[in-house]
Amino acid sequence: MKLSEMRPLFVYGTLLFPEILRLLLGRLPGSSEAVLHGYHRFSIHDGADIRPYPAVFPRAASEVRGLLLYGLSPKEHTVLDAYEGEDYVKTAVSVLQDDQRVEASVYIWRADKRGQLRGVWDPEQFMRQHLGAYLKHMK
């Protein structure tokens, strides 16, 4: 088992939604709330189009609230790696969970695509505007 598969996975975007995790993994892994400091959750822009999912990228004095997923199998890591795709790099980070530092993995947007990141991605807005269609597309 790779080191990145032994650490919990910090998720901050579409993987926050149990419906999406259940479709991808066939189950809901254990989870707990956590905060990633020194990063910002951006919207992704392709010209005039905005993708419905986010990316995190380093930014001083920012933080991202999300979930730590525990107990993922190597196969589940492979599924999530494929879901996130080539625009993200799985990276080791330190997150804060209940005032404790925890080493985790997170999918960070590739630095060479930094120019596509703007503004803020809002999970509540995604849920209201995109979740239903996103789930239909995944099935």
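Q: Hi! Leaving aside its neighbours within four places in sequence, which residues is Ser94 in contact with?
A: Hello! Setting those neighbours aside, Ser94 is in contact with Leu36, Arg101, Val102 and Glu103. Please keep in mind that this is a predicted model.

Q: Thanks. Where does Ser94 lie?
A: Ser94 lies in strand β4, which covers residues 88–97.

Q: What separates the C-alpha atoms of Ser94 and Ser105?
A: Their C-alpha atoms are separated by 8.3 Å, and the two residues are eleven apart along the chain.

Q: You mentioned Val102 as a contact of Ser94. Which strand does Val102 lie in?
A: Val102 lies in strand β5. With a relative accessibility of 16%, Val102 counts as buried.

Q: What does Val102 touch, not counting residues up to four places away in sequence?
A: Val102 touches Pro8, Leu68, Val93, Ser94, Val95 and Gln97.

Q: How about Val102 and Pro58, what separates their C-alpha atoms?
A: The separation there is 18 Å, for residues 44 apart along the chain.

Q: Let's zoom out. How many helices and strands does the protein chain have?
A: The protein chain has five helices and six strands. Along the sequence they follow the pattern α-β-α-β-β-α-β-β-β-α-α.

Q: Why is the chain said to be as compact as a globular protein of its length?
A: Its radius of gyration is 14 Å, close to the 14 Å that the globule rule gives for 139 residues, so the chain is as compact as a globular protein of that length.

Q: What box do the C-alpha atoms fill?
A: Taken along the principal axes, they fill a box of roughly 40 × 40 × 25 Å.

Q: What share of the residues counts as buried?
A: Of the 139 residues, 46% count as buried. As for the surface, the protein chain exposes about 7,600 Å², and carbon and sulfur atoms supply 52% of that area.

Q: Which share of the contacts joins residues at least 24 apart?
A: That share is 74%, counted among contacts between residues at least 6 apart in sequence.

Q: New topic: helices. How do the axes of α2 and α5 cross?
A: The axes of helix α2 (residues 18–25) and helix α5 (residues 131–138) cross at roughly 5 degrees and come within 11 Å. That crossing makes α2 roughly parallel to α5.

Q: Which residues meet there?
A: From α2, Glu19, Ile20, Leu23 and Leu24 meet Leu131, Tyr134, Leu135 and Met138 of α5. The residues of this contact divide into seven nonpolar, no polar and one charged.

Q: Back to strands. Where is His37 placed?
A: His37 is in strand β2, residues 30–46. At 35% relative accessibility, His37 counts as partly exposed.

Q: What does His37 touch, not counting residues up to four places away in sequence?
A: His37 touches Ser62, Glu63, Leu96 and Arg101. As for Val93, it is 56 residues from His37 in sequence and 9.4 Å away in space, C-alpha to C-alpha.

Q: Tell me about Ser62, then: is Ser62 buried or exposed?
A: Ser62 counts as buried, with a relative accessibility of 15%. Ser62 is found in strand β3, residues 49–70. Apart from neighbours within four places in sequence, Ser62 is in contact with Leu36, His37, Gly38, Tyr39 and His40.

Q: What about Ala61, buried or exposed?
A: Ala61 is exposed, with a relative accessible area of 86%. Ala61 also lies in strand β3.

Q: What is the phi of Ala61?
A: Ala61 has a positive phi of about 60 degrees, although it is not a glycine. For background, most residues other than glycine have a negative phi.

Q: And what is phi near for Asp99?
A: Phi of Asp99 is near 65 degrees, a positive value in a residue other than glycine. Asp99 sits in the loop between β4 and β5 (100–109). At 73% relative accessibility, Asp99 counts as exposed.

Key. Residues are numbered from 1 along each chain as its sequence is written. This is a predicted model: local features need pLDDT of at least 70, side-chain atom pairs count only at pLDDT 80 or more; totals for chains, interfaces and linings use all residues. Side-chain values use heavy atoms; hydrogens and water are left out. Axes are lines fitted to C-alpha atoms, for helices over the stretch in contact, and angles run from 0 to 180 degrees between N-to-C directions. Helices (H or I, at least four residues) and strands (E, at least two) are DSSP runs, numbered from the N terminus. Angles under 35 degrees count as roughly parallel, over 145 as roughly antiparallel, 65 to 115 as roughly perpendicular and the rest as oblique. Contact means heavy atoms within 4.5 Å. Ala, Val, Leu, Ile, Met, Phe, Trp, Tyr, Cys and Pro count as nonpolar, Asp, Glu, Lys and Arg as charged, and the others, Gly among them, as polar. The radius of gyration is taken over C-alpha atoms; the globule rule is 2.2 Å times the number of residues to the power 0.38. Buried means under 20% relative accessible area, exposed over 50%, partly exposed in between (1.4 Å probe, protein chains only). Accessible areas come from the Shrake-Rupley method with a 1.4 Å probe; for residues, only the protein chains shown count as cover.
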